[in-house]
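Work through the exercises below with the sequence and the 3D view side by side. Each task is followed by a stepwise solution.

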Amino acid sequence: MSEEIEESNELKLDFNKLSQICDKKIAVIPVAVQNIDTKEIILIAYVNEEALNLSIKTKTAVFFSTSRNEIWIKGETSGEKFDLLEIFVNCEQNSLVYKVRPKRKNICHTKNKNGEPRNCFYRKLEFETKKLTNINP
C-alpha cells in the first residue's frame, strides 16, 4: 500500500479487496485482532487453515498475506509481536477474533511523528466532511 493512502486524510477505501481474493480463489477468512487489555482493535487480517493451525500451535498471531500469497508471522521482521491468548469464532464460522497482548506498545508498520509504531486503526472518519483525522500523529 502506498504512503499516500497510509498517511492521507482522504477517504480512499479499497472496496475491491475481497473480490481480488475471490478472483485468485484464495481460501481465507478475516480475523479482527484485539488488544485483550485495552479492547482496541489493532488490525484486520486474513487467515487460511495453515495460518490458523500455526497460530494455535505457537500461541502467536500468524496470518495469510493476500498480497504476497504467503504465510505472514506478525512481527517476524519488525519485532512488533504479540501473544495470542484467545480465539473467538463468529456464528457463521466465517470470521475470527484474535485476542492478543502486544509484546511492545503497538504493532503497525506505520509510525507516528515520534517514529513509534501505532496500531492500524489510527485515523477516525469525520461524518460531516468524510475526511480522516489522525488520532496518533
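**Exercise 1. Classify Gln-93: is it buried or exposed in this predicted model?**

Solution. 
- Step 1. Take the value: Gln-93 has a relative accessible area of 65%.
- Step 2. Apply the cut-off: exposed means over 50%. Gln-93 is therefore exposed.
- Step 3. Gln-93 is found in the loop between strand 5 and strand 6.
- Step 4. Check the backbone. Gln-93 is not a glycine, yet its phi is positive, about 55°. The hairpin of strand 5 and strand 6 has six residues between the strands.

**Exercise 2. Find where Asn-69 lies and describe its phi.**

Solution. 
- Step 1. Asn-69 sits in the loop between strand 3 and strand 4 (70-73).
- Step 2. Its phi is positive, about 60°, although Asn-69 is not a glycine.
- Step 3. Look at the flanking residues. The side chains of Arg-68 and Glu-70 meet in a salt bridge, 3.0 Å from N to O.
- Step 4. Classify that pair. Glu-70 is partly exposed at 40% relative accessibility. Arg-68 is partly exposed too, with a relative accessible area of 46%.

**Exercise 3. Work out the strand order of the open sheet and identify its edges.**

Solution. 
- Step 1. Pair strand 1 (residues 29-35) with strand 2: six bridges join them, and they run antiparallel. Ile-29 stands opposite Val-47 in strand 2.
- Step 2. Pair strand 1 with strand 6: five bridges, running parallel. Here Asn-35 faces Val-100 of strand 6.
- Step 3. Pair strand 5 with strand 6: seven bridges in the antiparallel sense. Val-89 stands opposite Leu-96 in strand 6.
- Step 4. Assemble. The four strands form an open sheet in the order 2-1-6-5, with mixed pairing.
- Step 5. Read off the edges. Strand 2 (41-47) and strand 5 (82-89) each have a single partner strand, so one side of each lacks a neighbour in the sheet.
- Step 6. From one strand to the next, the twist averages 25°.

**Exercise 4. Explain why strand 6 counts as largely enclosed.**

Solution. 
- Step 1. Count the buried positions: five of the seven residues of strand 6 are buried.
- Step 2. Conclude: strand 6 is therefore largely enclosed by the rest of the structure.

**Exercise 5. Describe the nonpolar cores and state which elements supply them.**

Solution. 
- Step 1. Start with the largest core. It has 15 residues. Those with the most contacts inside it are Val-31, Val-33, Val-47, Phe-63, Tyr-98 and Val-100.
- Step 2. Assign the elements. Strand 1, strand 2, strand 3 (62-65), strand 5 and strand 6 (96-102) each give two or more residues to this core.
- Step 3. Find the main contributor. Strand 2 supplies the largest share, four residues.
- Step 4. Look for another cluster. A second, separate core has five residues, among them Ile-26, Val-28, Tyr-46 and Phe-64.

**Exercise 6. Which salt bridges link distant parts of the chain?**

Solution. 
- Step 1. A search of the whole structure finds four salt bridges.
- Step 2. Take Glu-10 and Lys-131. Their side chains meet at 2.4 Å, N to O. Glu-10 is in the loop between helix 1 (3-7) and helix 2 (17-23), and Lys-131 is in the loop between strand 7 and strand 8 (132-134). They are 121 residues apart.
- Step 3. Classify both ends. Glu-10 is partly exposed at 35%. Lys-131 is partly exposed at 30%.
- Step 4. Take Asp-83 and Lys-103. Their closest N and O atoms are 3.1 Å apart. Asp-83 belongs to strand 5, while Lys-103 is in the loop between strand 6 and strand 7, 20 residues apart.
- Step 5. Classify these ends. Asp-83 is partly exposed at 31%, whereas Lys-103 is exposed at 53%.

**Exercise 7. Which residues form a nonpolar patch on the surface?**

Solution. 
- Step 1. Name the members: Leu-11, Leu-13, Phe-15 and Leu-125.
- Step 2. Together they have about 420 Å² of accessible area.
- Step 3. Examine one member. Leu-125 lies in strand 7 (residues 123-125). Its relative accessibility is 36%, so Leu-125 counts as partly exposed.

**Exercise 8. Locate Phe-121 and give its C-alpha separation from Asn-134.**

Solution. 
- Step 1. Phe-121 lies in the loop between strand 6 and strand 7.
- Step 2. Phe-121 is partly exposed, with a relative accessible area of 42%.
- Step 3. The C-alpha atoms of Phe-121 and Asn-134 are separated by 9.2 Å. Along the chain, the two residues are 13 residues apart.

Methods
Residues numbered from 1 in each chain as written. Predicted model: local features only at pLDDT ≥ 70, side-chain atom pairs only at ≥ 80, totals over all residues. Heavy atoms only, no water. Pairing = 2+ DSSP bridges. Axes fitted to C-alpha atoms, helices over the stretch in contact; angles between N-to-C directions. Core = buried A, V, L, I, M, F, W, Y, C linked by side-chain atoms within 4.5 Å. Buried < 20%, exposed > 50% of the residue type's maximum accessible area, 1.4 Å probe, protein only. Patch = residues over 30% accessible without salt bridge, like charges linked within 9 Å, V, L, I, M, F, W, Y side chains within 5 Å. Areas by Shrake-Rupley, 256 points an atom, 1.4 Å probe, with all protein chains shown as cover.
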